[in-house]
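Please keep the sequence and the model in view while reading.

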Amino acid sequence: MNPNFLDFEQPIAELEAKIEELRHASSGQAFNIDEEVARLREKLKVKTAEIFRNLTPWQISQVSRHPARPYTLDYIQGMCEEFHELKGDRMFADDQAIVGGLARINGRSIMIVGHQKGRDTKTKVKRNFGMPRPEGYRKALRLFKLAERFGIPVFTFIDTAGAWPGINAEERGQSEAIARNLLEMAELRVPVICTVTGEGGSGGALAIGVGDRTLMLQYSTYSVITPEGCASILWKSADKAKDAAEVMGLTAPRLLENGLIDKIVREPLGGAHRNPQSMAVRLKAVLLNQLDELEALPVEELLEKRYRRLRGYGAFTEG
């Protein structure tokens with residue numbers, strides 16, 4: 001089993017290995033095997049489409065956590081001409097599980113804030129596995145208020161299993177920091193577009209997820225708790241995570257159907273990690289299109305629509 005592929009992706013891994021073998025075998029040989037490579041590439045494309053067309057909620061959860069999946073800094077690199085990171089909450093420290101700063105996209109000034117995970121052991125520890133502490137949310141709020149002061153729209157990128165559950169985070173007011181962000185984001189006088197790029201876990205995600213539009217990448221998830229956490233509560237065993245994922249309704253199509261998000265952004269064949277640059281270009285186009293719609297609204301109308309939208313979540317409708 002190739003460890004760089006998820007268990008259900010192994011047929012894809014095998015085909016890619018065959019293609020690679022043929023490419024190496026053709027070096028310096030008198031015969032041409034381009035036709036065989038082309039045939040295998042087409043077979044790979046068809047197989048990948050077949051597998052990803054029929055993913056279960058649990059498999060989508062695995063894709064949303066793929067270690068090669070692009071994170072906030074990857075999207076910033078792929079979308080922005082300029083980016084100037086701003087650090088610290090001006091109270092305690094700089095939480096590197098959240099990154100943010102001023103960016104320029106197609107000449108337009110944008111404030112970008114998002115979760116950031118690590119690729120290897122060192123950076124995972126540095127980024128605290130993408131799980132912010134209170135100072136991370138307070139840094140995010142500082143940047144939101146800065147954007148409001150100068151009339152700059154806000155993009156947030158959500159990808160976290162949840163807020164850090166450690167004692168030190170509770171001592172520094174984790175719940176208050178998250179609640180404060182929910183309140184303040186609901187009243188920001190600039191357009192706010194939130195995008196779930198990987199895992200959207202619990203209040204840790206929601207703390208930078210209140211806005212005028214909520215987008216989700218095709219193979220991302222958004223839920224009040226991880227499937228493992230849900231299974232541990234309901235069945236007293238994290239081994240039931242697959243069953244939990246089935247009933248939680250955490251996938252993008254299900255959330256769109258329930259009116260909890262506004263748009264699904266299609267991913268490249270095989271997921272965003274297969275072609276991060278293509279994903280960044282695609283997401284950039286969608287974000288700018290959504291921003292054009294929001295910037296056409298007067299501020300008071302923008303706030304009124306946001307208020308109605310937030311109040312409408314979970315509201316009872318007879319029928």
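Tryptophan 235 is found in the loop that joins helix H10 to helix H11 (241–248). Helices (H or I, at least four residues) and strands (E, at least two) are DSSP runs, numbered from the N terminus. The model is predicted, and local features need pLDDT of at least 70, side-chain atom pairs count only at pLDDT 80 or more, while totals for chains, interfaces and linings use all residues. Residues are numbered from 1 along each chain as its sequence is written, and side-chain values use heavy atoms, with hydrogens and water left out.

**Two residues and their surroundings**

Tryptophan 235 counts as partly exposed because its relative accessibility is 37%; buried means under 20% relative accessible area, exposed over 50%, and partly exposed in between (1.4 Å probe, protein chains only). Leaving out residues up to four places away in sequence, tryptophan 235 touches Lys240, Asp243 and Ala244, where contact means heavy atoms within 4.5 Å.

Leucine 294 belongs to helix H13 (residues 276–295). Is leucine 294 buried or exposed? Leucine 294 counts as buried, because its relative accessibility is 1%. Not counting residues up to four places away in sequence, leucine 294 touches Pro191, Val192, Ile193, Asp212, Arg213 and Leu302.

**Nonpolar cores**

In soluble globular proteins, nonpolar side chains tend to be buried together. A nonpolar core is a set of buried Ala, Val, Leu, Ile, Met, Phe, Trp, Tyr and Cys residues joined through side-chain atoms within 4.5 Å. The largest such core has 30 residues, and Tyr137, Phe144 and Tyr222 have the most contacts inside it. Among the elements that each supply at least two residues of this core are strand S3 (108–115), strand S4 (154–160) and helix H8 (174–186). Helix H6 gives the most to this core, with six residues. A second, separate core has 24 residues, including Tyr75, Ile76, Leu217 and Val265.

**Pocket and cavity**

Rolling a probe the size of a water molecule over the atoms shows where empty space is left. On a 1 Å grid over the protein atoms alone, a cavity is a set of points where a 1.4 Å probe fits but cannot get out, and a pocket is an open set with protein on both sides within 12 Å along at least five of seven lines; lining residues have an atom within 4 Å of a point. Grid points are joined across faces, edges and corners, and a volume is the space filled by probe spheres set on the points.

| Space | Volume | Lining residues |
|---|---|---|
| Largest pocket | about 490 Å³ | 20 residues |
| Largest cavity | about 80 Å³ | 14 residues |

Leu206, Tyr222, Leu255, Leu260 and Tyr313 are the lining residues closest to the centre of the largest pocket. For the largest cavity, Glu199, Thr221, Ser223, Thr226 and Pro227 lie nearest the centre. The largest share of the cavity lining, three residues, comes from strand S5.

**Threonine 226**

Threonine 226 sits in the loop between strand S7 (221–223) and helix H10 (227–234). Leaving aside neighbours within four places in sequence, threonine 226 is in contact with Arg65, Ala161 and Met248.
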